Amino acid sequence: MITCVKYNNNLSQEWDTFIDNSNTPLFFFKRLFLKYHSDRFIDHSLVFFYKEKIIATFPATVNENEIVSHGGLTFGGIISSKEVTASLAKEIVSCLKNYYLGLGLKKITIKSIPYIFNEVPAQEVLYFYWVNGFKLIRRDLSTIIEFNKRLSISKLRKRMISRGKKNELIVESSENFSDFVNFMSQVLSKHDTKPVHNAEELDFLSNHFPENIKLSIIKKDSELIAALLFFEFEAVAHAQYIGVNELGKEVGALDFLIEESINSYATKGFKYFSFGISTEKDGTYLNNGLISQKEGFGARSIPLDFYEVYLND
């Protein structure tokens, strides 16, 4: 029989050990990463036990009467052991729903985990979300390259990469997150948005997860003109931030930086390169220019789905 309890700090080490050995061993499910959001989100995660052993976790936050998995993460949901079968997944989802229902909460929203982040095929929980009344309420489009099945690069991307080479651009690694955040703030301000993370947060995360957070930049005459901040997962190199200024566009800096990064990760044993989503307005609007640029590097897209259930229905 599956049982679940609310996460508490006494379970921190067990939680992290479980994540390391789970089917989705991503560093941003670790408690230290989740903790840095604590000033903005109220944690109400769950830990599931089977035969006195952790078999699943559910990183989650609560906002008034709604549970979200997790308010500070791009995706989440139930993190399962490789031992979880369909029958156990059924119990886990039922346990989750009944636990929050028993607290008088009104709604659960789950951002599902794209299959590329699983170590083995295991999406049984998606079926049992549906069985338990969860409805698909949002779908974003995330663009990826599978290295051993990469499609051809478009002529436009090739021209821009060649332009970068002709300008003798050099890709550098950096740990100067203050300059990076200032740069991204200027780039994103033209789109009436700003970076999700500040420099202090990126310094904190980089210091605690140095093997997972990497910043690549290009400068010209000492000026930062293009930057990519990567979250490195087990098999996926994910571009968390992509930025280029006007000078960078003129000299082909972004295309050159992306292609150099793709080639680098392809040789390091990664399976996927992830560009992230190209959808806006809660998934209802597709930025055609943005996704066309990503597709030009030989990429195609997968969905990132959101599910929701009202507990009093």
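Tutor: Two strands pair if DSSP finds at least two bridges between them; helices (H or I, at least four residues) and strands (E, at least two) are DSSP runs, numbered from the N terminus. This is a predicted model, where local features need pLDDT of at least 70, side-chain atom pairs count only at pLDDT 80 or more, and totals for chains, interfaces and linings use all residues. Residues are numbered from 1 along each chain as its sequence is written, and side-chain values use heavy atoms, leaving out hydrogens and water.

Student: Which strands are at the edges of the open four-stranded sheet?

Tutor: Pairing in this sheet is antiparallel, and the strand order is S1-S3-S4-S7. An edge strand pairs on one side only, as do S1 (2-6) and S7 (79-80).

Student: Which residue in S7 is the bridge partner of Thr-57?

Tutor: Let's look at S4 (residues 53-58), which pairs with S7 over two bridges in the antiparallel sense. The partner of Thr-57 in S7 is Ile-79.

Student: What angle does helix H1 make with S4?

Tutor: H1 (residues 12-21) packs on the sheet and touches S3 (46-50), S4 and S7; contact means heavy atoms within 4.5 Å. Axes are lines fitted to C-alpha atoms, for helices over the stretch in contact, with angles from 0 to 180 degrees between N-to-C directions. For H1 and S4, the angle is about 85°.

Student: How is H5 oriented to H9?

Tutor: H5 (residues 155-166) packs against H9 with the axes 7 Å apart. Residues that meet include Met-160 in H5 and Phe-256 in H9. Their angle is about 95°, which makes H5 and H9 (65 to 115 degrees being the range) roughly perpendicular.

How values were computed
Parallel < 35°, antiparallel > 145°, perpendicular 65-115°, else oblique.
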